[in-house]
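Thanks for coming, everyone. Let me put the structure up, and then we'll walk through its contacts.

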Amino acid sequence: MNQLLTRDVVISALARDLQVGWRTLWKAIEGPLQERLKEISDQASVEALGLDEHVWRHSGPHKNRMITGVVDHTRPKRGKDGKTKPFARLLDVQVGRSGAVAEDWLASQGKEFASKIRIAAIDPYRGLCQRDLSDPERGGHGRRHLPRDKAGQSGPGRGRRRVQQDTLGRRGHAKDPLYRARRLLLTGANHLTEKMATKLDALLQEGDPNWEVTITWTVYQKLIDAYQQPDSHDMVTLIDALKDCPIPEVARLGRTLKSWKREILAYWHTDRSNAGPTEAINNVIETTRRIARGFRNFENYRLRILASASGQRPYRQPPKPVRKGQPNHAE
C-alpha cells in the first residue's frame, strides 16, 4: 500500500513481485487503502479549490467518459509540529462534466466545509461556473472563479495557419517560413535569445506580408506581460483595446477576455491564485493512467489516482526552509 502512495507503480507489477494474482493483491489492499486515504484527507483546512475535467476512458458510453476532479489549492501553512501540508492534492473525482456535478459534490461535503471555500479556480467553461457555487447560503460571499486562459496561446497558432493558407493556398511545409516559426511563436519574448529573436523576425518578414501573425504574437506577449504586473490596469487596457481589432484571431481573443473579464481580474484580488496546481495534479493522474495502460473500472481508477495525487510522495512535499548559515543542498 505504501508503494502506491509514494511511487509510480502498477498493481500488476506488485503482484508479480509478490508472486500472486492481480485480483488477490487488489482485494487485500483495497480496504486498507481506502482507510488510509480517509486518514490523510484532512479537508478541514481546505480554503481554495480547483475544478477541471478530463477523459478517464476512451470507450463505452460518452456520458461516462468525462469526470470532474476537485483539487485542494490551499497554500501550505506550517503547523505547530513543524510539518507543512502538501501544496495541491486531489480531493475527489466525480463522473460527469457540469456545474451540477461540482455543486452536488460541494453539497455532499456539508455547509461547514463550503463556508470555508473562498476561491474556485476553473477552466473557462460556463458549465462549471454558472451554477450556484457562489450561493451565499453555501457561504460563498467571497468566492471568486478564476479561469485558466488558453485563448491567448492558441491565437498565434491559428493566425499562422490561416495566413499560411491565404498566402500559399496550402498547409505549411517544412521549409515554409511560418511553419519554421511555429515553435518560436509559442515562446515568451523574455525567453527568446538574441539568435532566436533574429530568426523569428526574419521568418515573419518573409512569411507574414500583412503583419497579421506578427500583431497576433505581439498581443499574446502583452497578455503574458499583463499577468506579471502588480495590478490589473494593463489587463483592463488590453481587454478594452482588442474588441475592435480586424484580425480574426485577435478579435476572438478580445471576445473571450471580455466575456471572462470579471473572473480574469479576480486573479489580482486572490493573491494570484490560478489553475496551475490543478494542471500539476492532472500530470500525476495522466502518469498513473499511462503506466497502468488505462482503466476499465471507475472505482478502481478513482482509488488509484487518489492514492497517486494525495500529496504523500516525496517530490510533492514542499521544501523545508533553510536557516541562515545552513548549507542549501538543493542548489
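Here is a question to begin: are Arg89 and Asp72 buried or exposed? Both are buried. By buried I mean under 20% relative accessible area; exposed is over 50%, and partly exposed is in between, with a 1.4 Å probe and protein chains only.

A word on ground rules. This is a predicted model, where local features need pLDDT of at least 70 and side-chain atom pairs count only at pLDDT 80 or more, while totals for chains, interfaces and linings use all residues. Residues are numbered from 1 along each chain as its sequence is written, and side-chain values use heavy atoms, leaving out hydrogens and water.

Back to that pair. Arg89 and Asp72 form a salt bridge, with the closest N and O atoms 3.0 Å apart. A salt bridge here is a side-chain nitrogen of Lys or Arg within 4 Å of a carboxyl oxygen of Asp or Glu. Arg89 is in strand E3, residues 89-95, and Asp72 is in strand E2, residues 66-72. The two are 17 residues apart, and the pair links distant parts of the chain. Helices (H or I, at least four residues) and strands (E, at least two) are DSSP runs, numbered from the N terminus.

How many salt bridges does a search of the whole structure find? It finds 12. Some share partners: Arg162, Asp166, Glu212 and Glu249 are joined into one network that way.

Next, helix H3, residues 22-39. Arg36 and Glu39 both lie there, 3 residues apart, about one turn of the helix. Their side chains meet in a salt bridge at 3.3 Å, N to O. Arg36 is partly exposed at 28% relative accessibility. Glu39 is exposed, at 60%.

Now a longer reach along the sequence. Glu47 forms a salt bridge with Arg118, the closest N and O atoms being 3.8 Å apart. Glu47 lies in the loop between H3 and strand E1, and Arg118 in the loop between helix H5 and strand E4, so this pair ties together parts 71 residues apart in sequence. Glu47 is partly exposed at 26%. Arg118 is partly exposed too, at 43%.

That brings us to E4. In a regular strand the side chains alternate between the two faces of the sheet. Ile119 and Ala121 point one way from E4, Ala120 and Ile122 the other way, and all are buried. E1 and E4 pair in the parallel sense over 3 bridges. Pairing takes at least two DSSP bridges between the strands. In E4, Ala120 is the bridge partner of Leu49.

On to rings. The whole structure holds 8 aromatic pairs. Rings of Phe, Tyr and Trp (its six-membered ring) pair if their centres lie within 6.5 Å; planes under 30 degrees apart are stacked, over 60 edge-to-face, and the rest tilted. Trp22 and Trp26 have ring centres 5.9 Å apart and planes at 20°, so they are stacked. They are 4 residues apart in helix H3, about one helical turn. Trp22 is partly exposed at 36%, whereas Trp26 is buried at 6%. Tyr267 and Trp268 have centres 5.0 Å apart and planes at 90°, so that pair is edge-to-face. Tyr267 is buried, at 14%. Trp268 is buried, at 14%. Ring pairs also link Trp56, Phe295, Phe298 and Tyr301 into a cluster.

That's the tour. Questions, please.
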